[in-house]
Amino acid sequence: MDDNTLHNNQEKSVATLLVEALKSSPQQYILTYLNKGGELGETRYTPAQLLAESAEYAERLRCAMNGAQTALLSMEPGCHFVVALLGCLFSGTTAIPVPAPRSTKEMSRLQAIMGDSHTRHVICDSNTLAYFQQEAAGADGLQLIHIATGANEVDSQPPSLLSEPKITPFASPHEPVIIQYTSGSTKAPRGVKVSEKNILANQRISAEKWRFAAEKNMLSWLPHYHDMGLFGSIIYPLMSGMQCVLMSPVDFIKQPLRWLFAVSKYRAAISGGPAFAYQLCLDIAPDDFIKGIDLSCWQAAYCGADYVPHQLLENVRKRLSVAGLHPRSVLACYGLAESTLYVGGEKVWEDLPEVFAHRSNELTTCEGCYLGQTFDHIRILSTEGGKDKEPGETGKIFISSDSVTDGYVNAPLPVFEEGGRAWLDTGDIGFIKDNYLFITGREKDMVVVHGKNVFTNDLALNAANIIHTLNPNACVLYKREPDHRLTMLIETKNKTAEFDEEKVALIKRQVFDEFGVSLIDVSILPRGSMPRTSSGKVQADLVRRSYAEQVV
């Protein structure tokens with residue numbers, strides 16, 4: 001798609017495609033929000049209701065913005081957020097989705113985002129409005145916008161009488177439609193400028209690979225302000241006319257089995273999350289519960305966002321097969337905000353046992369992301385602009401496609417040019433073998449000991465296999481200079497830290513035997529001890545700095 005595509009009307013805009021999808025969707029309800037995970041009922045919108053409500057919201061938003069073009073979108077999860085999001089897209093307002101603030105720390109982060117993006121307008125719901133009025137009332141030039149929403153009674157009206165949204169086009173294909181701030185697990189949050197060109201390209205490939213269809217349902221509890229929950233669970237499904245069934249991340253964390261129950265009840269074809277979410281469900285699900293639900297509808301149970309252990313997905317396949325989940329439906333995927341969302345990972349749709357068997361590899365403990373037959377948008381290189389690695393050889397992962405953003409709000413992307421294409425350094429390490437991409441770790445989570453690359457996730461899984469109460473998704477390695485000995489800081493799954501001296505000694509021995517490195521210490525911490533980002537990832541650099549200050 002070239003830069004003049006939208007202006008030449010060769011490609012419809014995101015807003016236009018949303019309108020067409022809502023008008024033609026066969027779904028009785030296009031948007032369903034599960035209040036308290038469904039315990040307090042549902043809030044539902046028909047396609048006509050969502051279209052009419054969003055059109056009205058867009059009109060009122062134009063007036064409230066008073067010529068400004070960018071606003072933070074700070075709301076609790078729910079239908080009102082989706083209405084506001086569509087209102088932004090219809091009105092030509094660049095939205096910056098952020099979490100609803102609940103603490104001074106979160107408010108400070110939002111104020112930093114406002115400063116970085118030079119944005120003073122904040123679109124709120126009633127709860128966030130009250131919080132901003134109390135905590136940021138004196139902020140210079142702050143403009144708070146609150147537009148009430150509620151399902152319109154439009155079911156009985158003929159389509160000819162329903163209001164069509166007036167669409168204000170964005171100035172160019174490269175103008176940011178959404179600015180998505182990264183969670184900041186390895187560095188300060190940065191605003192990824194996502195253009196219409198990026199969204200159209202990434203939605204097209206996502207819908208093709210995951211076989212989106214208007215008669216299917218998407219279910220998500222993922223945070224609505226990050227790429228996986230925002231694009232993959234709301235915008236892309238709606239552009240395909242699918243029903244979006246949503247619940248709060250908090251409601252999932254409090255009772256993880258609400259997720260599996262909702263997949264069964266609402267016949268979700270597509271749903272997923274990070275590795276820890278699947279592990280939570282496996283840890284607490286009684287056999288009777290699994291036997292009592294029907295997951296035969298679940299066509300794509302995707303696992304991404306963090307390191308995806310192969311053994312975990314094998315356990316998911318085995319345990320949930322009792323509920324009718326097909327083994328091939330469980331898949332690893334790979335993406336990042338800088339690529340709008342999706343990079344690779346799809347279901348092996350046909351019955352091809354020889355292909356499905358290649359999802360694991362003896363070189364790593366992670367599960368591979370199936371790339372299909374063509375994947376010229378991904379390269380494994382030795383260094384930036386360096387030599388392409390052979391199949392099975394580990395290197396740095398670079399990507400190039402129309403999905404990749406043009407840059408951050410106030411910083412360029414780490415890219416290099418070759419053959420007329422810009423290649424993005426993802427910061428991830430991995431290899432490609434048998435049409436599968438294996439992400440062995442993030443460059444920031446890798447330590448070099450005596451010339452050998454050691455990844456945090458490999459050591460964390462090793463430790464969790466010995467002490468089952470340890471959480472491999474909450475682990476940080478600290479390397480002491482000059483002797484290169486490592487300290488492992490790892491949380492338990494419980495609120496209290498249990499220290500078993502004999503098992504810790506076994507962890508140290510196995511790490512040395514398998515990886516050739518010495519652990520000088522294994523520091524076991526209670527659950528929640530390490531600082532997290534807004535998406536729940538451990539802030540590794542901050543943990544290392546804090547630890548270094550304590551041991552000096």
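At what angle do helix H14 and helix H15 pack, and how far apart are their axes? I looked this up in what is a predicted model, and found that H14 (residues 456–466) and H15 (residues 501–515) pack at an angle of about 140 degrees, their axes being 10 Å apart. Angles over 145 degrees would count as roughly antiparallel, and the two helices are therefore oblique to each other. I noted the crossing of H14 past H15 as right-handed.

I then listed the residues that make this contact. From H14 they are Asp458, Leu459, Asn462, Ala463 and Ile466, and from H15 they are Lys503, Leu506, Ile507, Gln510, Val511, Glu514 and Phe515. Sorted by class, the contact of H14 with H15 holds seven nonpolar, two polar and three charged residues.

Which strands make up the open sheet, and in what order? I found three strands in the order E24-E25-E26, with mixed pairing. Strand E24 (470–480) and strand E26 (519–525) are at the edges with a single partner strand each, so one side of each has no neighbour in the sheet.

For the pairing of E24 with strand E25 (residues 485–492), I found the antiparallel sense, carried over seven bridges. Within it, Val476 is placed opposite Leu489 of E25. H14 packs on this sheet and touches E24, E25 and E26, with its direction at about 125 degrees to that of E24. H15, for its part, lies across E24 and E26, and I noted that it runs at about 135 degrees to E26.

Is H14 mostly covered or mostly open? I found it mostly covered, since 10 of its 11 residues are buried. Among the buried residues of H14 are Asp458, Leu459, Asn462, Ala463 and Ile466, which I had already listed as meeting H15.

**Entry on H1 and H2**

Turning to the helix pair H1 (residues 14–24) and H2 (residues 47–65), I found that they pack at an angle of about 145 degrees, with axes 8 Å apart. Their crossing is left-handed. Val19, Leu22 and Lys23 from H1 meet Pro47, Leu50 and Leu51 from H2, and by class this contact has five nonpolar residues, no polar ones and one charged residue.

**Entry on strand E10**

Which residues of strand E10 (residues 243–246) are buried on each side? Both faces are covered, with Gln243 and Val245 buried on one side, and Cys244 and Leu246 buried on the other. I then looked at its partners: strand E1 (residues 31–34) pairs with E10 in the parallel sense over three bridges, and Thr32 has Val245 of E10 as its bridge partner. Strand E9 (residues 217–220) also pairs with E10 in the parallel sense, over four bridges, and there Asn217 is opposite Gln243.

**Entry on Glu196**

Is Glu196 buried or exposed? I located Glu196 in helix H6 (residues 196–210), and found it buried, with a relative accessible area of 5%. I also checked Glu196 against Ser13: the two are 183 residues apart in sequence, while their C-alpha atoms are 7.1 Å apart in space.

Note on methods:
Residues numbered from 1 in each chain as written. Predicted model: local features only at pLDDT ≥ 70, side-chain atom pairs only at ≥ 80, totals over all residues. Heavy atoms only, no water. Axes fitted to C-alpha atoms, helices over the stretch in contact; angles between N-to-C directions. Parallel < 35°, antiparallel > 145°, perpendicular 65-115°, else oblique. Left-handed = near helix turned anticlockwise from the far one by under 90°. Contact = heavy atoms within 4.5 Å. Nonpolar A, V, L, I, M, F, W, Y, C, P; charged D, E, K, R; others polar. Pairing = 2+ DSSP bridges. Buried < 20%, exposed > 50% of the residue type's maximum accessible area, 1.4 Å probe, protein only.
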